[in-house]
Amino acid sequence: MAGATAELSTALPEPVRAAGRFVVRWFPLVILAFLWDVVSGVVGAAVLPPPTVVLTTLWGMLSSGAVLPDLGVSLYRVVWGLALSIAVGVLLGIGMARSETVEDFFEVFLGMLYPVPKTALVPLAILWLGRGTSMAILIIFLACLLPIVLNSYNAAQVVDQNLIWSARMMGTSDRAILWKIVIPSTIPDIVTGIRQAIPIAFIALTGAELIGASNGMGAIILSAGQLGTYPRMFAAIVLISATAFLALRGFDRLERRVFVWV
Amino acid sequence: MDGHVVVSELQKVYASGGTVTTAIDDLSFEARGGEFVSVVGPSGCGKSTLLYLVAGFLEASGGSITVDGNPVHGPGTDRGVVFQDYALFPWRTVRGNVLYGLEENGIDEEEREATAQRFIEMMDLDGFEDRYPKELSGGMKQRVALARTLAYDPKILLMDEPFGALDQPLREALQDHLLRIWDDLEKTVLFITHDVEEAVYLSERVLIMTRHPGTKKAVLDIDIDRSGPREDIVTSEAYVDMKNTVWRSLHEETTQEA
């Protein structure tokens, strides 16, 4: 049966197939909205606002521009947290792969940091940095660091020896090998690390803002929850999910354009 | 002519976990400047190890290697390796790969662009300058690798089974291409292969290595007339005789312990 379907779908013209795939991809969201609506009818709109109300509220928040400063500050924190984790993570990962001393120095520390839920560190981060942006950036940085370190570490360990030799025979010094060969070689894996880190950044962001920020999407979710304005709370959740989704999609597009050689 | 390689009493020993393996033992031979020498031997005889020792990628355990009288310690731009797996930089285009060695040696921009273009054309790669390695076939990748190595003008070409991963027609086309350019470039070539026909077809001399540990079994002068087309060469009596001689010598090695 599966074979027959596959044959049928390859026989269809390309636009029809694309439309079919689009429907299959987004249909689960329609089912979710439908179930949500049904449950909302059963338990009552006060406890679970129906999706139409949530979407109307979201539209209101966006069109009035009222949510934009919070969305902006959240994005600012994600971008800085990610950027820091990429800068430090790539250096750390490659450093650990190329030097035993660096590896020994960080191995235990990173191994112990790995399983710690990064939001558990929020109270400590608040103590050091106070509530707000710096604290959120630190939490995002810590959460994103590990996937980036691991990916660049693994990639730098298996750099093709023949590439290094090729560069050496053409006159590249031992020190320049790092910049000219090792780092470019690890780019595909660094990109993979960043792709893994983007959703993690949004998870860490929301966690940090729920506990320790007076603005940002996490703060909206918390305050709306406490005030009982559940449509607003759900609208903020939908907005942050959609933003994270679009960020990942945008990154993939950018990556295909920048790293055409991968 | 420059590019005179002398290998004398070369030894390479690998030690790991208490066991000592001798890859190459007491190997001596030379390749005169501008000469085309092939190295054949049963698999595992250390012929690639020999090439990497001459390239300076590996350090000899004993004996010596000199190029024009200077002992080899580490890689140098007087020697260029062409690898079987091409070893192109995937993040650089065809032109970028060919330019690499020129950039590293401080050639000014105008000259290196012109030089790169010359070798791109020599290897029939014009029109593909802006492609990345992943977009190229195996044969094209190997032509890029050759262009990249030739561009920075090493005196000695060290080729490690460069056509081993290619199918027969492509391999023959690249062999002929290599012979054509070798005539003009005046470079010493050390060519590793396990293919007897390839060795006889290309080289002026063939070094046959013994099975484990690798050392010199014989060096044969290949005296054949290469002026005609491939069909004439490979059907000539001299070629067929040479091929059989090399094959028999190699065959003794491969069947010795089997």
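**Chain dimensions, domains and contacts in the predicted model**

The structure described here is a predicted model. Taken along the principal axes, the box filled by the C-alpha atoms of chain B comes to roughly 55 × 50 × 35 Å, and the secondary structure of chain B comprises eight helices and ten strands.

Within chain B, four strands form an open sheet in the order 2-1-4-5, with antiparallel pairing. The edges of this sheet are formed by strand 2 (19-31) and strand 5 (70-71) of chain B, each of which pairs on one side only. Strands of a sheet pair through backbone hydrogen bonds, in either a parallel or an antiparallel manner. Strand 1 (residues 5-16) and strand 4 (residues 62-67) of chain B run antiparallel and are joined by five bridges; Val6(B) has Thr66(B), in strand 4 of chain B, as its bridge partner.

Chain A is divided into two domains, with domain 1 spanning residues 2-48 and domain 2 spanning residues 60-258. The centres of domain 1 and domain 2 of chain A, taken over C-alpha atoms, are separated by 32 Å.

In chain A, the axes of helix 4 (residues 68-98) and helix 10 (residues 217-227) come within 8 Å and cross at roughly 130°. On the side of helix 4 of chain A, the contact involves Asp70(A), Leu71(A) and Ser74(A), which meet Met217(A), Ala219(A) and Ile220(A) in helix 10 of chain A. By residue class, this contact of helix 4 with helix 10 of chain A divides into four nonpolar residues, one polar residue and one charged residue.

The contact between the two chains takes 14 residues from chain A and 20 residues from chain B. On the side of chain A that touches chain B, helix 8 (161-169) and helix 9 (176-212) of chain A each supply at least two residues, and helix 8 of chain A gives the most, with six residues. The residues on this side of chain A are divided into eight nonpolar, four polar and two charged.

Methods:
Residues are numbered from 1 along each chain as its sequence is written. Chains are lettered from A and ligands numbered from 1 in the order in which they are written. This is a predicted model: local features need pLDDT of at least 70, side-chain atom pairs count only at pLDDT 80 or more; totals for chains, interfaces and linings use all residues. Domain bounds come from an automatic or database domain assignment. Two residues are in contact if their C-beta atoms, placed from the backbone, lie within 7 Å. Ala, Val, Leu, Ile, Met, Phe, Trp, Tyr, Cys and Pro count as nonpolar, Asp, Glu, Lys and Arg as charged, and the others, Gly among them, as polar. Axes are lines fitted to C-alpha atoms, for helices over the stretch in contact, and angles run from 0 to 180 degrees between N-to-C directions. Two strands pair if DSSP finds at least two bridges between them.
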